[in-house]
Each structure stands twice: as C-alpha cells, then as structure tokens.
Amino acid sequence: MRAQISERTLRTDRWWLSPLLTVAGLGLISVYAAIRTFMNDYYWVSEYHYLTPMYSPCLSAECVPAASHFGQPLPELPGFLTPPIFIIPFLLGFRITCYYYRKAYYRAAWMSPPACAVAEPHKTYTGETKAPLIAQNLHRYFFYAASLLLLVNIYDAITAFVGEKGFGIGLGNIILLVNVGLLAAYTASCHSCRHIMGGKLKHFSKHPVRYWMWQKISKLNAKHMQLAWASLIFVCLTDLYIALVASGVIGDLRIVN
Amino acid sequence: MGYQGNFRVWRGDEDGGGLEDFTVEVNEGEVVLDVIHRLQATQAGDLAVRWNCKAGKCGSCSAEINGRPRLLCMTRMSTFTEGETITITPMRTFPIIRDLVTDVSFNYTKAREIPSFKPPKDLAPGEYRMQQIDVERSQEFRKCIECFLCQDTCHVIRDHEENKEAFAGPRFLMRVAELEMHPLDEGGRTVAAQETHGLGLCNITKCCSEVCPEHIKITDNALIPMKERVADRKYDPVVWLGNKIFRRQS
Ligand code: SF4
Ligand code: SF4
Ligand code: FES
Ligand code: FES
C-alpha cells in the first residue's frame with residue numbers, strides 16, 4: 001500500500017509552463033510550415049538564386065525550373081499537393097522520431113507525464129513497446145535521409161553565391177549559411193549519430209578515430225535540445241526571409257554585388 | 001537569523017494518514033533534514049524518517065519536498081522563502097511503512113533480476129586488463145548512491161503500479177547499460193534490456209535525469225544508448241527481413 005495522498009501533485013512551482021510553451025511553439029511552427037507548404041509560391045529568388053530549405057530539393061515538374069537543382073524527375077502534382085510533399089515525410093519523420101522531440105511532445109501534448117512527479121491522466125501505459133510508437137526505433141533511418149537532405153541544403157547555400165549577375169553576397173546568403181550551420185549541428189548532435197559514429201563500440205581504445213568523433217558528438221549532443229529549437233526556428237526565419245524577398249515585400253540587403 | 005517555518009508533513013502508515021501542520025524553528029545554514037530532526041526532538045517524538053550520512057552519499061533520506069523527489073539532507077532551507085509552507089511527503093511509488101519511511105525492496109528485487117558481470121572464460125580474477133577510456137562510460141553510472149529517487153519519479157511505475165512487474169526502472173536499466181558497456185563483460189544484455197527489463201516502456205521523458213542527486217545523465221548516457229543498441233539488434237528492418245525469409249531466431 002502506498003501512502004494515501006490524493007493530490008495529483010504537490011508541486012508548487014509553475015510546472016505547467018514548460019509544456020505550455022512547448023505546445024505553443026510547436027503549434028505555431030506547424031501552422032507556419034503548413035501555410036508555406038500549400039502556398040506553393042515565393043520559394044525562389046531568381047535574381048540571387050536563393051532557394052528556401054522548405055522547397056529543397058524541388059523535384060516535381062511544377063517547380064520553377066531554375067530552382068530544381070537536381071532536375072525534375074517527378075511529375076506535376078494533382079490538386080492541392082505541392083513539391084515539399086516529397087521531402088516533408090523525411091524531415092518531419094526525422095523530427096518526430098528525434099529523442100528530444102519525443103520527450104517534448106510526450107510531455108507537452110500527450111501529458112505522459114506532463115511534468116516530473118505530476119500524475120499523468122492515462123489509465124494504462126505501454127510506452128514505446130507497441131505499434132505505432134515502436135516505430136520510434138527507426139529514427140536512425142530518418143537520420144540518414146535527413147543527412148542527405150542536409151547535403152542538398154549545403155549545396156543550395158553555396159550555389160546561392162552566384163546569382164543572375166554573377167558572384168555576390170547578400171544578407172540572404174548569410175542567412176542560408178547560418179541555417180545550414182544550425183541544421184548540421186542539430187543533425188550531428190543526434191543520438192543515433194552518436195551511437196553510429198562510436199557509441200555502439202565496446203572498446204574505444206581499438207578505434208581511436210571513432211572515439212574522437214564520439215567525444216566531439218557527445219559534446220554537441222549535450223546541447224541537442226537547444227539545437228533542435230534553434231535549427232527549427234531558424235529554418236522558418238530563413239524561409240520567411242526568402243518568401244519576403246521573393247514576393248518583393250522587401251529587397252535583399254546586398255553586401256557585395 | 002532563525003525564524004519559525006511552516007511545515008506540512010505526511011504522517012500515517014498503510015492504514016491511512018494525511019498531512020499534519022507544524023511550526024518549527026529554522027536556523028541559518030540548515031537543510032530540511034535538520035528541521036525534521038528538530039521536529040522529532042521537540043514535537044513529534046515518534047516521527048519516522050530514514051537517514052544516515054547527512055552528506056548526500058548514503059541515499060537513505062529520499063522523500064518528496066513540495067512534490068519534488070529530493071534528498072532531505074541535500075535540500076537547503078535557503079531555497080525557500082520564510083513565509084512558504086513546505087510540504088514533506090514520503091516517496092509515492094513505494095509502499096509506505098510509516099510517516100516518511102517507505103519500503104524500497106522493489107528495487108532490490110529488480111537488482112537481483114540482472115545477471116552479474118560475466119568476464120571472458122579464459123581470464124581469472126586478477127588478470128583483467130582494461131584501458132581507462134574503455135571503462136569511463138560505465139564509471140559515470142557507478143556514482144549512483146541508490147537513493148531510488150529516479151525510480152520514484154519515473155512515471156512508468158509511479159503512475160502505473162501494474163508496470164512494476166515488467167519494468168526494472170531507470171536505476172537498473174542503467175545497471176544493464178553499465179555492464180553492456182563494460183569492456184570485459186560478455187553477458188550480451190541488449191535483447192534482455194528490452195524483453196526482460198522493460199526498456200521499451202521508457203519514453204525518454206528524462207524525469208530520472210532531472211531528479212538524480214548525483215547528476216548522472218541517465219537518459220542520455222544509459223537509456224538512449226541502450227535503445228540504440230536494441231534498435232541494432234531488434235528493429236533493423238534489414239535484419240528483420242532476413243529473419244523472416246530465413247526463419248532465423250534473433
Ligand atoms: S526517461 Fe525513461 S526511465 Fe527515466 S523517468 Fe522517464 S520514462 Fe522513466
Ligand atoms: S541513478 Fe541517481 S537518482 Fe537513481 S538511484 Fe542512483 S543516485 Fe539515485
Ligand atoms: S535524437 Fe534528435 S535528431 Fe536524432
Ligand atoms: S542522509 Fe545520506 S543521503 Fe541524505
């Protein structure tokens with residue numbers, strides 16, 4: 001028999017604040033991403049060759065041809081479907097199965113638990129032992145896919161230095177670079193990455209290079225939550241900047257040419 | 001300077017109980033355990049509380065202070081305001097014995113379920129040779145003082161008594177990880193972590209790491225690495241397909 005305490009929690013601090021902020025933050029970003037996905041416009045600044053990461057790679061026949069850095073192997077999409085539909089499953093899958101985001105939405109959205117030592121509202125609990133949550137174990141495959149997409153984003157950011165008038169540098173270039181920097185840091189700090197690169201080894205002493213990588217990744221990994229938020233928010237800001245420039249609302253701030 | 005502090009302490013046993021109000025003197029530099037001791041000495045001589053070292057090293061004085069699992073001896077009174085009422089309750093997850101003392105034998109049962117260190121057959125004790133970088137990861141886990149605050153906080157069993165059977169809890173999943181990462185252990189513990197010790201029930205919400213007084217990164221360094229090892233062995237679709245086609249046992 002446990003001690004009879006009827007309160008759901010005796011915590012006196014604002015334990016509800018962090019789940020509330022998480023839900024609000026993720027909710028806002030989802031709404032923004034959905035709007036931009038279905039907008040199907042303003043993703044490419046032809047003058048400076050800026051392509052938003054949300055539409056990269058643009059692989060279907062309806063893309064602005066110059067924005068399709070890797071050709072258009074896919075047909076035009078019917079109805080309301082737009083080019084990001086091909087990359088969203090991988091990007092969303094990567095974030096949804098991410099160990100940090102799992103913690104975030106299990107707590108904030110599913111309230112399992114809402115905060116430490118605050119009782120959850122569910123009668124039964126099976127964790128990640130049954131479908132569909134057992135699929136969280138596939139995170140590493142999303143990590144591989146996201147790494148490939150990151151290479152595409154890096155390629156986009158580099159080629160953006162050459163626009164219609166030749167080489168130039170604008171604020172957009174700097175934003176694109178910071179964006180891929182944050183995405184790279186987030187991806188490299190992934191727990192699956194940490195495991196694959198070295199964590200799975202039993203004898204670090206036999207694999208000095210992988211041990212070295214594991215140590216570096218472990219340092220980044222300790223900041224995985226911060227990198228998850230920073231990269232997510234910055235992708236949206238990057239997209240917003242490019243949308244504003246592409247639609248002519250603002251001009252790109254040019255530094256060189 | 002001392003002041004009169006307001007406290008609510010859970011008193012009772014398995015037949016029932018509740019929170020009782022007390023006003024107790026608090027002096028500068030004291031921890032919650034000091035106040036509990038003063039309460040015991042001056043007003044409630046039969047108040048049950050478990051403690052030993054008063055230095056955060058024996059893991060005996062685990063309880064919940066204002067709803068948060070903590071060590072009584074490591075919670076400074078200076079973290080509260082003078083007017084605040086401080087609520088002290090026993091750990092919720094374990095059966096109550098009396099007042100602030102719970103029966104933590106669940107944890108000893110779980111500890112016994114984990115097969116002990118299994119060295120290579122051809123090595124006798126005294127012949128073990130290991131490099132520091134190979135044992136480092138396991139050493140973090142050996143800082144554990146067995147306070148069982150992580151076990152108390154983990155919602156898998158805190159909120160679901162019925163999961164106690166299947167779930168070893170963060171402390172003992174960490175023990176499995178410690179052995180699995182040990183350079184000389186040949187126990188092969190990955191599949192058992194999932195199937196016997198209930199690793200799949202953990203949803204990596206990190207409350208164990210939040211409460212650990214030794215600041216062990218239980219989730220990041222033990223539980224998630226174990227989940228990744230389990231994924232290697234059990235949830236790799238390539239391996240799974242191979243098993244289906246060739247009807248192998250993994
Ligand atoms: S991370 Fe896992 S083991 Fe730790 S408290 Fe949360 S569910 Fe329990
Ligand atoms: S891991 Fe930390 S919280 Fe858990 S029993 Fe050990 S010292 Fe206590
Ligand atoms: S754990 Fe977060 S991206 Fe892999
Ligand atoms: S009395 Fe030993 S840890 Fe508190």
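Analyst: The model is predicted. One place to begin is Pro113(A), found in the loop between α3 (99-108) and α4 (139-159) of chain A.

User: What is the peptide bond from Ser112(A) to Pro113(A), and what is its omega?

Analyst: The bond from Ser112(A) to Pro113(A) is cis, with omega near -5°. The loop between α3 and α4 of chain A also holds Pro132(A), and the peptide bond from Ala131(A) to Pro132(A) is cis with omega near 0°.

User: Why is Asp99(B) called buried?

Analyst: Its relative accessibility is 2%, and buried means under 20%; Asp99(B) therefore counts as buried. Asp99(B) lies in the loop between β6 (96-98) and β7 (101-102) of chain B. Its phi is near 50°, a positive value in a residue other than glycine.

User: What makes Glu146(B) partly exposed?

Analyst: The relative accessible area of Glu146(B) is 30%. Buried requires a value under 20% and exposed a value over 50%, so Glu146(B) is partly exposed. Glu146(B) is found in the loop between α3 (132-141) and α4 (149-153) of chain B, and has a positive phi of about 55° although it is not a glycine.

User: Which residues are around ligand 2?

Analyst: Glu146(B) is one of them, and the others include Cys144(B), Cys147(B), Phe148(B), Arg171(B) and Cys212(B). A residue is included if one of its heavy atoms lies within 4 Å of the ligand. By class, this shell has nine nonpolar, no polar and two charged residues. Arg171(B) and Glu146(B) are in the shell, and Arg and Glu count as charged. The space taken by ligand 2 is the second largest cavity.

User: Which space does ligand 1 take, and which residues come nearest to ligand 1?

Analyst: Ligand 1 takes the largest cavity. Of the 13 residues around ligand 1, Cys154(B), Cys202(B), Thr205(B), Lys206(B) and Cys208(B) come nearest. At least two residues of the shell are supplied by each of α5 (155-158), α8 (207-211) and α9 (218-234) of chain B. By class, the shell has eight nonpolar, four polar and one charged residues.

User: How do you know that Ser30(A) is neither buried nor exposed?

Analyst: Ser30(A) has a relative accessible area of 46%. Since buried is under 20% and exposed is over 50%, Ser30(A) is partly exposed. Ser30(A) is found in helix α1 (residues 17-39) of chain A. Its C-alpha atom is separated by 10.0 Å from that of Cys236(A), 206 residues apart along the chain.

User: How many residues of chain B are in contact with chain A, and what area is buried between the two chains?

Analyst: With contact taken as heavy atoms within 4.5 Å, 62 residues of chain B are in contact with 52 residues of chain A. The two chains bury about 4800 Å² between them, 49% of it on carbon and sulfur atoms. Arg92(B), Arg137(B) and Glu228(B) supply 15% of the area that chain B buries against chain A, more than any other three residues.

User: What does chain B contain, and what share of its residues is buried?

Analyst: Chain B has ten helices and seven strands. Buried residues make up 56% of its 250 residues. Its C-alpha trace spans about 70 × 40 × 30 Å along its principal axes. Among contacts in chain B between residues at least 6 apart in sequence, 62% join residues at least 24 apart.

Technical notes
Residues are numbered from 1 along each chain as its sequence is written. Chains are lettered from A and ligands numbered from 1 in the order in which they are written. This is a predicted model: local features need pLDDT of at least 70, side-chain atom pairs count only at pLDDT 80 or more; totals for chains, interfaces and linings use all residues. Side-chain values use heavy atoms; hydrogens and water are left out. Helices (H or I, at least four residues) and strands (E, at least two) are DSSP runs, numbered from the N terminus. Buried means under 20% relative accessible area, exposed over 50%, partly exposed in between (1.4 Å probe, protein chains only). On a 1 Å grid over the protein atoms alone, a cavity is a set of points where a 1.4 Å probe fits but cannot get out, and a pocket is an open set with protein on both sides within 12 Å along at least five of seven lines; lining residues have an atom within 4 Å of a point. A molecule sits in a cavity or pocket if more than half of its atoms lie within 2 Å of its grid points. Buried area is the accessible area (1.4 Å probe) that two parts lose on being put together, summed over both.
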